[in-house]
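Please examine the sequence and the three-dimensional structure shown below. The paragraphs that follow lead through the chains one element at a time.

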Amino acid sequence: MAIEDVFSSKGRMKILRILAEIRELNISEIARRAGLNYSTTNQHLQVLERHNLVRHKTFGRIRIFRYNEENPRARMIKQLIDLWEQTK
Amino acid sequence: MPRHSSVFKDESKLDINYVPQHLLHRKLQLNLLNQFFRFVVERPGKMTQRALIMGKIGTGKTVLSQHFGLKIAKEAKQRNINLNYVHVNCRECKGSLFMILQRTMTKFYPTFPRRGYSAEELLQALMQVLDEKDAYLILTLDELESLVGNEGSDPLYNLSRIQEDRLDAPKRLSLICILRQPDCLDKLDPSTRSTLQRNIIQMEEYSESQLEDILDDRVNLAFRDGTVPPQTLGIIAELGNSEGGNARYAIELLWRAGKYADALEMQQVLPECVRKAVVSVYPVVRRDMILAFSLHEKLFILGVARHFKKSDSAYMSMGEAEEAYALVCEEYDEKRRGHTQIWKYVKALSAAGIIETLVSGVGQRGKTTMISLSRVPASDLEQELVKLLSQEGGGEGQWR
């Protein structure tokens, strides 16, 4: 995926911003905070996971997504978000 | 004019949640708990344990358990063992295993979803988290009556069985149950009861001299030097003793007496302050108990208290209680809850001993629940609630 594919989607950026701040959340909560519906959120998360920007863990029926801080790209995006938020 | 300086140096040491560094007169019980759970730090994962702490109100059950939890978690940390002590009050969780487990889970996963699964699934998830973090858990279920009363034997059975299902996995979950009424054990099935009854720690009532020692210890921590004369301590210890060796009551009395001394701008907490405090502390209605109720439960009791303040009758009907509650809701600009929800409040408040209920009999048309407030003067209860509600959110007419 090209960089513009991540940055051009408002939904994906919202999700990244939320996870970068909170670190771990389940889909419903991410959807609620991002103002998106469940299935859109799920689709965005799958894209982000394919590109290693987020990871997930399963507890029975519950899936928890976390920001993948081990990935240098994800770390850089988080730095950008933090800087953006600080200088708003 | 010189400003009056407070008799307190650190009020928090009299708080209901304060855990003292040294537990007075509970050495034997503490040693017993240490013996029961020694394996957690010596051979973690090899076994689990269940213990039961029983005793009357104010005999130090909660503080014993919390003190033990802090110490053993510290020792485990020194040995690089990830041991977690979690203390949950079942009454605050409305006697629901789901809420108890959820509270426990949030210690490990603060953002864990709050709904969408069952208590059994949550228990499985908790075990998974413990496995992943290679963590051990001592879970204390305080006021177990509430859980057993609400859900019977199943929760304790499930908590025990979860370990038995994991034959080869490390044993990670141990339980401490705290109980006030021994007859609650009769509601458990025989196998759960027998496993719990293996390790019982009985808390005896504090004697007057023991209470005096405890109060003296707290005075040194909470009050400025020389502000609490020995005769004041003597009176409080005597009153605590007459309330069934109730240290919690005695400590609250000490705090209130200090508050009266401050309000009257006195340099010392004199026996007169204690006498004033006695009138305002009812052993059956603890301040922390009222604090634990939800906003609408508080509003409901306020309505009931106000009704009885004006009325000479001993009972009020459910309908009258709902009307009184509706008035209070209006005053605090809160949307009133429906009948079914109010009925749940009545049951919860009755279980907590704040109100008493009986079903109407001859002389009353139809069938209704009659509510009474037999133990506490309505005006004092009203005063306490108004104070609490204003602390929570602004006061009359400006709620929120």
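Two strands are said to pair if DSSP finds at least two bridges between them. Helices (H or I, at least four residues) and strands (E, at least two) are themselves DSSP runs, numbered from the N terminus. The structure is a predicted model, in which local features need pLDDT of at least 70 and side-chain atom pairs count only at pLDDT 80 or more, while totals for chains, interfaces and linings use all residues. Residues are numbered from 1 along each chain as its sequence is written, and chains are lettered from A and ligands numbered from 1 in the order in which they are written.

With these terms in place, the sheet of chain B that contains β8 can be described. Three strands form an open sheet in the order β6-β8-β7 (chain B), with antiparallel pairing. Its edge strands, each pairing on one side only, are β6 (315–317) and β7 (356–359) of chain B. On average, neighbouring strands of this sheet are turned by 35 degrees against each other, direction ignored. The antiparallel pairing of β7(B) with strand β8 (residues 369–372) of chain B extends over four bridges; B:L358 has B:M370 in β8(B) as its bridge partner. Helix α15 (residues 318–331) of chain B lies across β6 and β8 of chain B and runs at about 80 degrees to β6(B). For such angles, axes are lines fitted to C-alpha atoms, for helices over the stretch in contact, and the angles run from 0 to 180 degrees between N-to-C directions.

How many of the residues of β4(B) are buried? Seven of its seven residues are buried, a residue being buried if 20 or more other C-beta atoms lie within 10 Å of its own, exposed if 12 or fewer, and partly exposed in between, with C-beta atoms placed from the backbone. B:L173, B:L175, B:C177 and B:L179 point one way from the strand, B:S174, B:I176 and B:I178 point the other way, and all are buried. β4(B) pairs in the parallel sense with strand β1 (residues 50–55) of chain B over five bridges, and B:C177 is the bridge partner of B:L52. Strand β3 (residues 135–142) of chain B also pairs with β4(B) in the parallel sense, over five bridges; here B:L175 is the bridge partner of B:L139.

The next feature is a pair of helices. Two packed helices are described by the angle between their axes and the distance between the axes. The axes of helix α10 (residues 230–242) and helix α12 (residues 271–280), both of chain B, come within 8 Å and cross at roughly 25 degrees. α10(B) and α12(B) are therefore roughly parallel to each other, since angles under 35 degrees count as roughly parallel, over 145 as roughly antiparallel, 65 to 115 as roughly perpendicular and the rest as oblique. B:Q231, B:T232, B:I235, B:I236 and B:L239 in α10(B) meet B:P271, B:V274 and B:V278 in α12(B), where a contact requires C-beta atoms, placed from the backbone, within 7 Å. By class, this contact has six nonpolar, two polar and no charged residues; Ala, Val, Leu, Ile, Met, Phe, Trp, Tyr, Cys and Pro count as nonpolar, Asp, Glu, Lys and Arg as charged, and the others, Gly among them, as polar.

B:S280 is also found in helix α12 of chain B. B:S280 is partly exposed, with 16 other C-beta atoms within 10 Å. Residues up to four places away in sequence not counted, B:S280 touches B:R256 and B:D380.

Chain A has five helices and three strands, which follow the pattern α-α-β-α-α-β-β-α along the sequence. Its radius of gyration, taken over C-alpha atoms, is 12 Å, close to the 12 Å that the globule rule gives for 88 residues, so chain A is as compact as a globular protein of that length. The rule is 2.2 Å times the number of residues to the power 0.38. Buried residues make up 28% of the 88 residues in chain A.

The strands of chain A form an open sheet of three in the order β1-β3-β2, with antiparallel pairing. β2(A) and strand β3 (residues 62–67) of chain A pair in the antiparallel sense over six bridges, and A:R55 has A:R66 in β3(A) as its bridge partner. Helix α4 (residues 38–50) of chain A packs on the sheet and touches β2 and β3 of chain A, its direction making about 115 degrees with that of β2(A).

Finally, the two chains meet in a contact that takes eight residues from chain B and 10 residues from chain A. On the side of chain B that touches chain A, three residues are nonpolar, four polar and one charged.
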